[in-house]
Amino acid sequence: GAEPQRRGTGGASAQARAPGAQAGRVCGFKAHKEYTRKGMMAMAKGNLQGKIGYTLHMFHFEDKAMACYEKAYVRGCTLPNVLAAYGLLLMRRDHDYAKAVEVLRTARKLKLRPSIVYQNLGLAYWKLGKIDHALEIYRKIFEKVQTVNVYSTMGFLLIAKGDETGDYDEALEFNRRAYDYDDTDASVVDNLGQLESAKRNTIPSIRTGEDFLYSTHIAHAKRP
């Protein structure tokens, strides 16, 4: 009998489909390009808005700075100093520590490496009561950066950890090292002084230190 005819898998039908497929690819490319362009424009606007907020923050116009930071963050700001300062303002002004963690973790995910982002993230974790998270971050920072700000803040966090556990040995040892590093810094001297004084009185809970931490970090965050 006659051999059954096979349907073609190419030929004219494939050629007929080709222009439509190519047009679809072109449309898809254009759409992606437009999406990318709009994303880049939004990010640029976010960075500009962030710079404005940063300047206002430096001159203590905190309400206006906060409004700019919020818009900048929504628009995808990628400037590390801006995000660090925004996170700090969320903590100091609004006491919104969870939002501060979100903002500062966003900065970290963007691979923004400046130490101040990590320092403020550690501070936010401390305010959320997550001392171990805060110390984990500061130990990593300390491996790479030894400044008086890092020494004083980590020294304070170790004191806070001692308040939890009742064991101040590491806090005392570290704060003595901090004093050897800089015996003129008020925060370092205060940390060690309170520890030494408390040690003579069996070391009760030391302090909250909120003003100390915010003062050291806001100065660092505002540095251009």
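## The loop between H1 and H2

Phe59 is found in the loop that lies between H1 and H2. Keep in mind, as you look around, that this is a predicted model. Is Phe59 buried or exposed? Its relative accessibility is 57%, so Phe59 counts as exposed. Together with Met58 and Phe61, Phe59 makes a nonpolar surface patch of about 320 Å².

His60 belongs to the loop between helix H1 (11-58) and helix H2 (62-74). Although His60 is not a glycine, its phi is positive, at about 70°. His60 is exposed, with a relative accessible area of 59%.

## Another positive phi

His95 also has a positive phi, near 55°, and is a residue other than glycine. You can find His95 in the loop between helix H3 (80-92) and helix H4 (97-109). With a relative accessible area of 44%, His95 is partly exposed.

## Rings that meet

How many aromatic pairs does the structure hold? There are 7 aromatic pairs. One of them joins Tyr69 and Tyr86 in a tilted arrangement, 5.6 Å centre to centre with 40° between the planes. Because Tyr69 lies in helix H2 and Tyr86 in helix H3, the pair ties together parts that are 17 residues apart in sequence. Tyr69 counts as buried at 1% relative accessibility, and Tyr86 is buried at 3%.

Next come Phe142 and Phe174: their ring centres are 5.3 Å apart and their planes are at 65°, so this pair is edge-to-face. Ring pairs link Phe142, Tyr151, Phe174 and Tyr181 into a cluster.

Technical notes: Residues are numbered from 1 along each chain as its sequence is written. This is a predicted model: local features need pLDDT of at least 70, side-chain atom pairs count only at pLDDT 80 or more; totals for chains, interfaces and linings use all residues. Side-chain values use heavy atoms; hydrogens and water are left out. Helices (H or I, at least four residues) and strands (E, at least two) are DSSP runs, numbered from the N terminus. Buried means under 20% relative accessible area, exposed over 50%, partly exposed in between (1.4 Å probe, protein chains only). Patches are made of residues with over 30% relative accessible area and no salt bridge: like charges are joined within 9 Å, nonpolar side chains (Val, Leu, Ile, Met, Phe, Trp, Tyr) within 5 Å. Accessible areas come from the Shrake-Rupley method with a 1.4 Å probe; for residues, only the protein chains shown count as cover. A salt bridge is a side-chain nitrogen of Lys or Arg within 4 Å of a carboxyl oxygen of Asp or Glu. Rings of Phe, Tyr and Trp (its six-membered ring) pair if their centres lie within 6.5 Å; planes under 30 degrees apart count as stacked, over 60 as edge-to-face and the rest as tilted.
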